[in-house]
Amino acid sequence: YLDLRTPDLDRRIANELLARMRDDGTWSIWFEGPADLSTSIEAYVACRLAGVDPGPRALAYIRREGGIPKSRLFTKCFMALLGQWPWQRLVPIPPELVLLPPSSPFSIYNFACWARQTFVALSVAQSLRPVRPSDVDLRAIGARPGKTRPPQRPNALRRRAQAVAERWVRDRQEADGSWGGIQPPWVWGIIALAALGHGLDDPTLGKAV
């Protein structure tokens, strides 16, 4: 999505993923853990994007477990970025939530630090529905390519919420460029800023990448 791929990076990522594959052709969340559908989908798709076929057992497991429609939210979001799943078929997280004060009956501050840092950024991406289409055919695992509908023209409240959410994300970047030091808020902080039209010359985005 960020146009950072190189042939060498693709090769090394594919080699790493294949080395982590379980004997039954699946992937787990932790070492020697049980097969996990969403992790297996993400690894399978990454290998396919790198030009490597993970094999029939991986495909059979993903199809048997229901494919992309049965995967977790983050997996569907990654597929939506690739144009393989409709953004509108995700559980909506409106960016307007960032406008609610901590004293309101519901606030982002009801959630743990990593959780709110993740879904504030994710809400921005959802509201913009960015797509970087891939030419890999993933329909065998339940993909629905080309089905994302453009977002509605934002009204004044939506534009304000997006601007506040952007400032909120920027203000919470750590000194090392991450958000919270863990993967979900870091990834979606980067994607949110890129979806807003900022390039790698942006100080916050460049530091994160």
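Q: What do the buried residues of α3 pack against?
A: In this predicted model, the buried residues of α3 pack against α2 (37-49). Contact here requires heavy atoms within 4.5 Å.

Q: Which residues of helix α3 are buried, and what makes them line one face of the helix?
A: Within helix α3 (residues 56-64), the buried residues are A58, Y61 and I62. Viewed down the axis of α3, the buried residues fall within an arc of 95°, so they line one face of the helix. The face turned away from the buried side of α3 carries the exposed residues P56, R57, R63 and R64. Just after α3, G66 has a positive phi of about 105°.

Q: Why is S107 called buried?
A: Buried means under 20% relative accessible area. S107 has 0% relative accessibility, so S107 counts as buried. S107 sits in the loop between α4 (73-81) and α5 (113-128). Leaving aside residues up to four places away in sequence, S107 touches L100, P101 and P102.

Q: Which backbone nitrogen does the side chain of S107 reach, and what makes this a polar contact?
A: The side chain of S107 reaches the backbone nitrogen of Y109 at 3.0 Å.

Q: Why does the pair E16 and R20 count as a salt bridge?
A: Side chains of opposite charge can pair when their charged atoms come close. The limit for a salt bridge is 4 Å between a side-chain nitrogen of Lys or Arg and a carboxyl oxygen of Asp or Glu. For E16 and R20 the closest N and O atoms are 2.8 Å apart. Both residues lie in helix α1, 4 residues apart, about one turn of the helix.

Q: Why is E16 called partly exposed and R20 exposed?
A: Exposed means over 50% relative accessible area, and partly exposed lies between that and the buried limit of 20%. E16 has 40% relative accessibility and therefore counts as partly exposed. R20 has a relative accessible area of 54%, so R20 is exposed.

Q: Which residues form salt bridges with R170?
A: E166 forms one, the closest N and O atoms being 3.0 Å apart. D202 also forms a salt bridge with R170, with the closest N and O atoms 2.9 Å apart. D202 lies in the loop between α7 (183-195) and α8 (203-208) and R170 in helix α6, so this pair ties together parts that are 32 residues apart in sequence. E166 and R170 are 4 residues apart in helix α6 (residues 156-171), which means a separation of about one helical turn.

Q: Are E166, R170 and D202 buried or partly exposed?
A: Against the limit of 20%, E166 is buried because its relative accessible area is 18%. D202, at 11%, counts as buried. R170 has 22% relative accessibility, so R170 counts as partly exposed.

Notes: Residues are numbered from 1 along each chain as its sequence is written. This is a predicted model: local features need pLDDT of at least 70, side-chain atom pairs count only at pLDDT 80 or more; totals for chains, interfaces and linings use all residues. Side-chain values use heavy atoms; hydrogens and water are left out. Helices (H or I, at least four residues) and strands (E, at least two) are DSSP runs, numbered from the N terminus. Buried means under 20% relative accessible area, exposed over 50%, partly exposed in between (1.4 Å probe, protein chains only). A polar contact is a pair of N or O atoms within 3.5 Å; within protein, one must be able to donate a hydrogen and the other to accept it, and residues adjacent in sequence count only if both atoms are side-chain atoms. The arc is that of the directions from the helix axis to the C-beta atoms.
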